[in-house]
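Subject: Structure handover

Hello,

Here is the structure I promised to pass on. Please open it and keep it beside you while you read my notes.

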Amino acid sequence: MKAGEFILDALGRMIPRVALLFAVAAFLLITGTQSGIVTLLLILCLLIFLLEQLTEFCRTKSRLDELQAIMDGLDRRYLFAECAPKPQSLYDRKLFELLRLSGKSMIEAVSDAQAAQKEYREYIEQWVHEIKTPITAAKLICQNTDSGTRRKLSQELAQIDAHVERALFYARAENPEKDFIISEIDLSVICEGAIQAHRTLLIQNGIRLETGNLHDNIYTDGKWVSFMLGQLLQNAARYRGEEPVIELWGKRLGQRVQLTVRDNGIGIPAHELPRIFDRGFTGSNGRNRGGSTGMGLYLCKRLADALEIGLQIQSTEGTGTCVTLNFPAKMNLTKM
C-alpha cells in the first residue's frame, strides 16, 4: 500500500475532522479566547491528528504486507483465509469469518470437482484399454477377407485406433508430469517407432518418407514424443498433396537437438496459424476434408510445454508445413 492510496482512502474521514477542528477554533475566537491560545491549540490538535493517521498508515501497511507475504507463500491460494491471522476489530473479524466460510465452500466445491474429474479420467483410461481388444480382434478378422475389403477395413480401423489413442493421451494430459519417465534415448528409435505405428496409414496414402541425421541421443519421454510424432504424421497424411513426401531430419544445436518434420501438403492458411494450437480448432482444411477433431496439435503443444520441448510450426498454403521440435539439453531439464 502506498501513502497516496491511504490518503485518498482516508479523505472521507479527514475532511470532516479538520473542518470540525477549524469550526471549534473559530468559535473560540468569537467567544473571546486569545488568538495565540487558539493557534496553539489548533496546531497541537493537527499534530495529534497527523500522528494518529501516520500510526494508522504504518499499522495498515504492516498488516497488508503480512497478508501479502502469506499469499505469496501459498501454493494453493484459495487456502488464504485458513492461514491468515484473525483481525482485531469486530467488523474485520465478522468480515473475515464470512470470507473464511466462503473459501471453505469453494474448497469443498473444488475438491468435489477434482474427485469427479479423476473418476471420469480413470473411466476413460479403462474404456480405452477395453476397446483396444475388439479393435485388435477386428484387425485379425480383416486378414481373412479379400484384399480390397481388407484395405478399406484396415484404414478405418487405423483411424479408430488413432482416435482411441488420442483419447487416452488426452485423459492423461491433465497431469502429464505424473506419467513422465525422462531418459536418454536415440532419436531414431522414437522416429522409427512412430513410423511403424502409422505404417499402414502412410502406405495407403502413398506417402514417401525421407529421414536423415537421426543418430543423436535426446533426453525426454519416448512414449509421449512418439505420440506427438504420430499426430504430426497423421496430419501430414490427412492434408497431403500430390506425390506426398514427409521428411524427418535431425540437427545438433550445441547441446540441444532439433527435429524437423516437413511435408509438401496443402499447407495452412496464414490467418489460421495463430489458432492451430487451440483446443478443438479444425480450420478450413479440417472442415473441407473431414475427420479432424482439432485435438492433435492441441495435445502436442501441451505435451511439448510439459516436456520443455520447443514446438514451432511454419506453413505456406499450397506448399507444405514444417514442424520443428527443439529438445532441451540434459542440464536444462527441471523434471529429471
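A disulfide is a pair of cysteine sulfur atoms within 2.5 Å. By this rule the count here is zero. Before going on, note that this is a predicted model, in which local features need pLDDT of at least 70, side-chain atom pairs count only at pLDDT 80 or more, and totals for chains, interfaces and linings use all residues. Residues are numbered from 1 along each chain as its sequence is written, and side-chain values use heavy atoms, with hydrogens and water left out.

Cysteines

Some terms come next: buried means under 20% relative accessible area, exposed means over 50%, and partly exposed is in between (1.4 Å probe, protein chains only). Cys322 is buried, at 10% relative accessibility. Cys58 is partly exposed, at 44%.

The cores

A nonpolar core is a set of buried Ala, Val, Leu, Ile, Met, Phe, Trp, Tyr and Cys residues joined through side-chain atoms within 4.5 Å. The largest one has 44 residues. Leu187, Leu229, Ile246, Leu259, Val261, Leu325 and Phe327 touch the most other members. Several elements supply at least two residues each, including helix 6 (187–197), helix 8 (222–238), strand 5 (256–263) and strand 7 (320–327). Helices (H or I, at least four residues) and strands (E, at least two) are DSSP runs, numbered from the N terminus. Helix 8 gives the most to this core: nine residues.

Now take Leu229. Contact means heavy atoms within 4.5 Å. Leaving out residues up to four places away in sequence, Leu229 touches Ile190, Cys191, Ala194, Leu259, Val261 and Leu325. There is also a second, separate core of six residues. Among them are Val128, Ile135, Val164 and Leu168.

Helix 6

Which residues of helix 6 are buried? They are Leu187, Ser188, Ile190, Cys191, Ala194 and Ile195. These residues lie on the same side of helix 6, because they cover an arc of only 160° around the axis. The arc is that of the directions from the helix axis to the C-beta atoms. An α-helix has 3.6 residues a turn, so residues three or four places apart point the same way. Glu192, Gln196 and Ala197 are exposed on the other side of helix 6.

Loops

Pro244 sits in the loop between helix 8 and strand 4. Pro244 is buried, at 11% relative accessible area.

Two residues have a positive phi without being glycine. For Asn213, phi is near 55°. Asn213 is in the loop between strand 2 (208–212) and strand 3 (217–220), and is partly exposed at 35% relative accessibility. For Glu308, phi is about 60°. Glu308 lies in the loop between helix 10 and strand 6, and is partly exposed at 25%.

Best wishes
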